[in-house]
Amino acid sequence: MTDWNAMSDAEFRKEVHQFFETEYPEELRHLPHRPKFAEIEHWHRKLHTKGWVAPAWPAEYGGMGLNAAKLLIFYEEQQRGGVNRGRDMGVQMVGPLIIKFGTQKQKDYWLPRILSCEDIWCQGYSEPGAGSDLANLRTRAEFDGDDFVINGQKIWTTMAHDATHIFMLVRTDPNAPKKQQGISFLLAPMDQPGVDVRTITTLSGETEFCEVFFDNARTPRENLVGELNKGWSMAKALLSFERIFIGSPGLAQNALGQLESFARGRGAFDDPVFRDRFAQAALDVEDHAALYARFADQLRRGETLGADVSMLKIWVTECLQRITELMIEAAGPDGGTVGPLQVGNVSVDVLASFYKARPTTIYGGSNEIQRNILSKAVLGLPD
């Protein structure tokens, strides 16, 4: 087994870049949609053979065992090359929790199936009335013999219609004195009576989000991960790296490059007002990249990220929205056209890009919530 952490950062980046450059299928680069597993299965098999499915997992569980610095490089090169993350909810979210909180039996059973994608996972967190304030969730799980019986509803469940299993937060003690208490972390099969998945069509015409209804659905007691009623603290454990990765500058950098190519083809740079607004957006992207580099250096030094990392998510998502607004303007009267617009060799679906940028300030913890975190934890302002 290769000790990736023993390599220099430059050597490791070269290795990852070369693999993604030569092995990743060109037709899958920079996909404008979330693919179903069948669409990317051959790529997943290639990663699985190489042992690169789970870069952050310890080597003893089949992962690459990357430290924070190497992990950052891996994801940066993945994003730079337009490499789709695939169906990685199992690898990124439920796998690390099983490794940290699961029993040995759970590790032996679930982890190999996650790596092979024999099981494909979706996340059951958000509910109507429990999005950014997730502790308001009402989906309940009650004991019935050797099973939990689940009733309730989840919403905005990404790719639930392409998943075999769901990991979810459920309320197991409705009488707990605080709403963050009495919540447990369960694993459940999707293919069973009592689970109803309904796709949600977005403004861009895609169906990657779903509603999931549970009507006396069942899962064995042994699918409880961690302690009963301690699921809230477990869910928070997943956030250690999420803020910096969700705030990666690649999101805005790619959009800015697309805007520049498209705007030049449309002659938008002949307008001095557009040039000024483009320059401002470009400066915002550069400033964000510098801020991101500061937090990345903290990870490389082995430091724990503080609450101020929330700035990244706020900045990059709002910058992305401004860039897509400029793209609509650059398209002129074609800005409301459904489908791709062709300018030379550049094909851009400006309306879909605009639509997709709207929810970025909401998912992963809304920007309003992130600003509250900054005001309390960083600035010390009162509630």
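His44 is placed in helix H2, which spans residues 37-50. Helices (H or I, at least four residues) and strands (E, at least two) are DSSP runs, numbered from the N terminus. The structure is a predicted model, in which local features need pLDDT of at least 70 and side-chain atom pairs count only at pLDDT 80 or more, while totals for chains, interfaces and linings use all residues. Residues are numbered from 1 along each chain as its sequence is written, and side-chain values use heavy atoms, with hydrogens and water left out.

With a relative accessibility of 10%, His44 counts as buried. In this classification, buried means under 20% relative accessible area, exposed means over 50%, and partly exposed lies in between (1.4 Å probe, protein chains only). When residues up to four places away in sequence are not counted, His44 touches Phe37, Val53, Leu115, Ser116 and Cys117; a contact requires heavy atoms within 4.5 Å.

Helix H1 comprises 15 residues (9-23) and reaches 21 Å from its first C-alpha to its last, close to the expected 21 Å at 1.5 Å a residue. The expected span is 1.5 Å times one less than the number of residues in the helix. Within H1, the residues Phe12, Val16, Phe19 and Phe20 are buried. These residues lie on the same side of H1 because they cover an arc of only 95 degrees around the axis, the arc being that of the directions from the helix axis to the C-beta atoms. Ala10, Lys14 and Thr22, on the other side of H1, are exposed. The packing partners of the buried residues of H1 are H2 and helix H3 (68-80).

A search of the whole structure finds 25 salt bridges, each defined as a side-chain nitrogen of Lys or Arg within 4 Å of a carboxyl oxygen of Asp or Glu. One of them joins the side chains of Lys154 and Glu127 (2.8 Å, N to O). This pair links distant parts of the chain, 27 residues apart: Lys154 belongs to strand E3 (residues 147-154), and Glu127 to the loop between strand E1 (121-124) and strand E2 (140-144). Both Lys154 and Glu127 are buried.

A salt bridge also connects the side chains of Lys356 and Glu206 (3.0 Å, N to O). Here the distant parts of the chain are 150 residues apart, with Lys356 in helix H11 (residues 350-357) and Glu206 in the loop between strand E6 (195-200) and strand E7 (209-220). Lys356 is partly exposed, since its relative accessible area is 30%.

In the salt bridge between Asp284 and Arg322, the closest N and O atoms are 3.2 Å apart. The two residues are 38 residues apart and link distant parts of the chain, Asp284 in helix H9 (residues 272-300) and Arg322 in helix H10. Asp284 counts as buried at 13% relative accessibility, whereas Arg322, with a relative accessible area of 35%, is partly exposed.

At 44% relative accessibility, Glu329 counts as partly exposed. The C-alpha atoms of Glu329 and Asp173 are separated by 52 Å, and the two residues are 156 residues apart along the chain.
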